[in-house]
Structure formats: C-alpha cells, structure tokens
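The sequence and structure come first.

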Amino acid sequence: MDFGTIELDDQQQKFRFEIDALLDEHLAQRGPERRRFGPHELVDPVLVRKLADRGLLMPSWPIEDGGAGLDRIHRFIVDFELRRRGIDGIGSELVWSAVKRFGNPDLVEELKPKVASGEVRFCLGYTEPDGGSDIAAAKTRAVRDGNEWIINGSKVFTTAAHISQYIFLITRTDPEKPKHRGLTMFLVPTDWPGVEVSQMQTIGDEETNVTYYGDVRLPDRYRLGEVNDGWTVLRGPLDSEHDFAQKTDGLTESMGCWAMERTPTYAAFDATVEWARTAIRSDGSHPIDDPTVRLRLGRVAADIEWAMCSLGPLGRVAGAEVNVRAAAELCDIIGPEALLPYDADGAVDGGDVERAHQFAQATITYGGCVEVFRQMIAQHVLGLPRPQYPGSKNLVPARSL
Amino acid sequence: MDRFFEFRRNDFELDEDQEAVQDAFRTFFSKECPTSVVRAAEPLGYDKNLWSDLLGLGVTSMGLPSAAGGDSASFVDLVLMAEECGAALAPVPLISQVVVARLLAAAGSPLANEVLAGVVCGDRPVVVVPHASYGQRQLVPDAALALDAIVLDGRSLLLVTRDASPPAVRNQGHTPLAWLDPSAGTRQVLLDGPRAAELHARTIQEWKLLTAAALVGLTNRAMFIAVEFAKTRYTLGVPIGTLQGVSFPLADVAINVGGTRNLVRKAAWMHEHEPGARPDLIPMAFATAARIAAHGTATAVHVHGGLGVTIEADISLYFRRAKGWALLLGDPNDDYRAIGDLLAAAAI
C-alpha cells in the first residue's frame, strides 16, 4: 500500500520539466476557442509531430523503432502531464499489440515506423448499428474470394475513423458456427475503395463516425490471426480496455483515475468550487457561505474520491456513473448559468460544467456499457450464476415474446 | 484540476504483514464469533469472554507507540482489524477502546498513563464523549460498559468518573449505548490547553475511520450472505441470482464496497503517514461508508424477500447494525458538510 508522492531523481525531474515545457508551449500557441477535452487533441497535427519527434507516440518502444524507450516512471511522467492538461493519450498501443502479434510480418514491418511517426493511427470497428455492446454478434460479412476478402456491412461509433488510416475491424466469416467462433479480424485501410466514413456529432462535443463497407475487396495480407479466430485477436485489446488484463503497481491505478472520460468531471468540480467562492448572490453573500452548498459540494467531492478509489471493472462503473451524477448535481448547485456553453455570455469558467453534463452521458456506454460490467461483476466478483439467453452463445434472429 | 492530479502512487495492495493481520483477525472472528454469539449478546451487545480473548491478543495496545508499551501498528492495521470485527458483528467495544487508548497515550499526563493501563488490560474501560458538553445529557457509545468518560470541556479534557455505569438503553444496533450526563461524577483534568480540543477531534476522526472500516466489513459480509441466498433460491425454474433484477443490485453493492474499502484504507494510510495532508479523506470515508452500508444491507435484506425482515434471518442482524453503528457519532451528512467547509476555507 502506498499513496506517497512519487520521488524523482535529477534526471527524471529534468525529463518532467522538458515534457512540461513542451506541452505548455503547445497549449499557449493554441487559439482561445479551443475545446478543452475529448479526442480533438488527436487531430492536432502540430502536437502529434512534436510528440512523434521525441518518440512519444509509442513511448515504450525502443528508440531504434521510433519510440522513446521509456521505463515505467518516465512513461508515467508523460501520461501524467498529458492527462493533467486534458490531453488524451495518442492511443495506437491498444490495437498495435494485436497487430504485432497476429499481423502478417510484412504488414507489421511496413506499419511500424508509420505508427511511431503518427502517420498511421487505428480506430476500432466493433459496434454495429443494431448490435450495441454485444460485439460478438457482428454481422458485417467477410467472404473469401481467392486471395481476397469481400467485406459488406457497417459499423457505428468508429470514433476517430476520420483521422485514422486503419480500422481494426471485426467481421463475420462463418454465420453457421457459434457466434464467438465465426469471427475474423482485419485491418482495413480507411481510404480503401468501398470504405465510406461519415461523421456524427455527440451532445458531449465529441466526434464519432459511422463507417460503411460496400463490396470492399481486401487482400488477405490485412487479415489478423486465423480465419474464424477473430475473438482471440480481439480479446487482448478488449481485456486491456476492460481493465481485466492490467497489472497493479500503484502507477497504473493512478492513470485509471485520470482516464480521459473523468477529466471533464474534475474540471467541472473545480469550476463549481471557484464559482461558489467568487459569485455574489443578491444578498451579497458567496454561494459557498451557504451550508447547503457546502454539504452538496462535499457530497460530490466524496463521490469523486470514491470513484478514484474504485479499480478495474468496479472503477469502470463507478467512474462513469459518478460522471453522470456529479455533473448533474454541479449544474443544479450553480443554477441557470450552468446551462451556458463556453462561448456564451456569462458562461461559468469556460462552460466546463455545461459541457461535463452533456459529455458524461456517453461515458456510461462507450467501451462496453456499464450493464455489461455489472454482469461481469455479478459473475466474477460475486460468483452468481450466469443468465442463459438464446443469443448468449449463438447467433439467433431477434424475435418477439 | 490539480486537486485531482497529485503526483502520487495509488497502490492499494496489502503487503505480507498487512495480509497476516487481516488473516489473523479473520480466523479469530470466524472461530470465536459466529452469529450465535452475536445473538446471545443481545440486547446489550457485549460478550465478556469474546472481549477478554481479544484483549489477550493485545488489540488495545497494538496501535500505541512503543514508548507507551504498544506495538506501533500502523493505522492501516487497525482498519484491517476493524473490517473483520465489523464483518463478524462482534459484540465488543473494540473501536471505542482502541481510540481511547490512543488518546490517553497521546495525552501523556500521569493520570492519563494510569488510566491507559486500565484500558489496555480491559479492567477499566473508558469512553470518549463525542460532543462538547453544554450541560445536556447525550447518547454515548459503549457508555453502559464504563465508569469513566472523557469529556471535552472548553480547553480541557476531563476524566469524569462515576460510581456506577449509566444504564444501557435499548437501541437498533444492539450496542451498549447509554445516556450520559457529562457533568455528573468526579472530574479530574487529563489535559489542559489547545491540545485538548485537537486531541479530542483527532480521536473522533479515528473513531469514525474505524467505524467506516467496520461498516465496510459488515456490508461485504451481508452482501455475500445475500449472494449465497440468490444462488440457492429458485423462482421461475432458475436461481434468482441469474435474474438481473437481483444480480445488478448486488453488483451495485459490490461496486460500493470495493471503492469504499479502498477509500477507507487510503484515508488510514494518509492518516498514518501524512496526517493533515488530506483532511477531507476521513469525512469522505465515513460518510460514504455510512451511506453504502445502509444501501448494501437494505439490498441484501430485500434479496431475501420477506424472510429478510424476520428476526431469525441472520441478514436482519446486519441491517440493524448498519444504521445502528453509523449514527452513533451523529448524522453522517455532517461529514459531507465538513468537506464543504474545507473547500470553503481553501484547505483542500
């Protein structure tokens, strides 16, 4: 057990100052209308280049491969300084672990330097329009034709597809087999003939995409892993996303507390406290002079701290649901000014509270909705028996009761 | 956002010594304190033999500095002990006596040292009166077991001694609660000066933190009792635990317990290693534990259906103590407001 300050030696401290300076300089150069959170930073080519120049897109890779050869502590410094500023990780590592392990060696060699330089980024092609979190029920079809595959179907929430070069795509290659055993994974270039990327905006000010696949003829070299063994290929990144595969060392857990999906709530809390200390009510008092306001802020603060102490799948649910609860409560505490977006007259601290409220709602769904995690917790933490549904193991058509 | 981005580790793993403490108390309570012992101790909520066995293990001295004859156990160890005590619903004044021993050791006056010896061996239990005295009687936890009470009176900590313990008053948690008039009895000064109030406040904080740990242990055990029921109780031809209307509320309890257990342990670690650095953590831990214990035991009772509200069902023992322990020191919401007070004072 250790919650102590992480001690840095001189060299590590120097490294931290350098990262600080790099990011501060970058943020100072951006326009005032910048949106503060979300995947927008990923689009910023200037930042991507600056990070790539230092090998920081794939910070743990060896320097000769275009990485920075960072150990755990240096890596932690980079992630900490990015997250502290509300900048998302650049995030090709998740998919790369599967590509490296299951990809055609030629393809891996071709992509490796481009991944390090930021020229190649990946997005996840999992969810389908009528599928939700049940990824293994994918219907997007891939049919073999000689040395090629013909892919037809569509995916939703292929977030970042418009700025990615490849989609990490799950397809159905054998509809007759049990549903987890008829799947095959591909890397599909986003500019390949037949691939169409269409943008969708969310209420949380995030951009995501629908991607369509119409008779996409893809060479077999883009297949990852064995035919019909796509579930094995996908599990690595999925487990990582679901926190089951992570090791505990006190650093990983800290990064979990600072996941991008939580930072808007932190910003909204700070904005509300600042508002409560400085705003002036009609009787001349500050809101924070009111014991009711202090009680409510205290409750939100405790809820956030509780979520920060919740790890793994428990933390997934706690973190996202605290986002929803906390943002709504912070809005209520402030009143109508909380409804003003960042560019409106009188917005509270750049509209952080307004935005957090709209942003929070998606966080209980993406990456697998919280109900999926509740079912995992029921089975694996509590040991409750697994419910049997007609479609648990097999592909079955929808039917009415 | 710097308040949320501290350059710190967030490592909740127990080390081997901590696991040994946990195992020792888990083994002790599972052997010596089945629910039959809990029931037999009602309504007073005190089992003399069980308490005597615990005293023999050195529970009142383990958290004292070695200069005061203790084992210098970390506050984290005390929290691990309290979790197990809570899980077993042990009818013993463990938490009140551990914190009063620490108060007396810190007070350090000759009188305090003399009284401490009696607390450590169990011959002379002492209670701390939670709220400053304004001449009103107040409900004091474990007061029915003690002749001596420590009272904060202005700038002094007084030892108030009576000839007889005040009579126990029946209460939902079946604890030795009693009405106590802090002005009645022989008064002796334990400690004078600004440290008196500070020490009293620290003691209440420690009491709350150990109560929070006990509530976490209690809720966790109640949850698993409900889980066992949900595995073996059938409806519509399936175990009720397969129904998400049953399993999801239980998963919520698991989520609450997991985060709160860690929050309590983190608060204990900070209290031990960097006292005062995060004054918000103990109020957070206590208020959260009180909330999740009420929710968790209510859920566990409801999983049992009508059986859950019967006296004979063990789960009802847990339900009554969840509220019965959480309120002993006042409204848990006061602690949420205390966090707000720290925010107002820009202390966090």
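A residue counts as buried if 20 or more other C-beta atoms lie within 10 Å of its own, and as exposed if 12 or fewer do. By that rule the count of buried residues among the 20 residues of H1(A) is zero, and the helix is hardly covered. The model is predicted.

**Helix H1 of chain A**
- H1(A) runs over residues 10–29 and reaches 29 Å from its first C-alpha to its last, close to the 28 Å expected at 1.5 Å a residue.

**Contact between chains A and B**
- Chain B gives 51 residues to the contact, and chain A gives 49 residues.
- On the side of chain B that touches chain A, at least two residues each come from helix H7 (194–232), helix H8 (244–273), helix H9 (281–303) and helix H11 (333–344) of chain B.
- H8(B) has the largest share of that side, with 17 residues.
- By class, the side of chain B that touches chain A has 25 nonpolar, 14 polar and 12 charged residues.

**Helix packing in chain B**
- Two packed helices are described by the angle between their axes and the distance between the axes.
- H9(B) packs with helix H10 (residues 314–326) of chain B at an angle of about 160 degrees, the axes being 9 Å apart.
- Because of that angle, H9(B) is roughly antiparallel to H10(B).
- The crossing of H9(B) and H10(B) is left-handed.
- Residues in this contact include Ala290(B), Ala294(B) and Val301(B) of H9(B), and Tyr318(B), Phe319(B) and Lys323(B) of H10(B).
- The contact of H9(B) with H10(B) divides into 11 nonpolar, two polar and one charged residues.
- H7(B) and H9(B) cross at roughly 20 degrees, and their axes come within 8 Å.
- H7(B) is therefore roughly parallel to H9(B).
- H7(B) also passes H9(B) in a left-handed crossing, and their contact has 20 nonpolar, five polar and one charged residues.

**Backbone details**
- Most residues other than glycine have a negative phi, and most peptide bonds are trans.
- Asp215(A), which is not a glycine, has a positive phi of about 45 degrees; Asp215(A) lies in strand S7 (residues 207–219) of chain A.
- Asp215(A) counts as exposed because it has 9 C-beta neighbours inside 10 Å.
- Leu89(B) has a positive phi near 55 degrees and sits in the loop between helix H4 (75–87) and helix H5 (94–107) of chain B.
- Leu89(B) has 27 other C-beta atoms within 10 Å, so this residue is buried.
- The peptide bond from Glu42(B) to Pro43(B) is cis, with omega near 5 degrees; Pro43(B) is in the loop between helix H2 (35–40) and helix H3 (48–56) of chain B.

Conventions
Residues numbered from 1 in each chain as written. Chains lettered and ligands numbered in written order. Predicted model: local features only at pLDDT ≥ 70, side-chain atom pairs only at ≥ 80, totals over all residues. Contact = placed C-beta atoms within 7 Å. Helix = DSSP H or I, 4+ residues; strand = E, 2+ residues; numbered from the N terminus. Nonpolar A, V, L, I, M, F, W, Y, C, P; charged D, E, K, R; others polar. Axes fitted to C-alpha atoms, helices over the stretch in contact; angles between N-to-C directions. Parallel < 35°, antiparallel > 145°, perpendicular 65-115°, else oblique. Left-handed = near helix turned anticlockwise from the far one by under 90°. Expected span 1.5 Å × (residues − 1).
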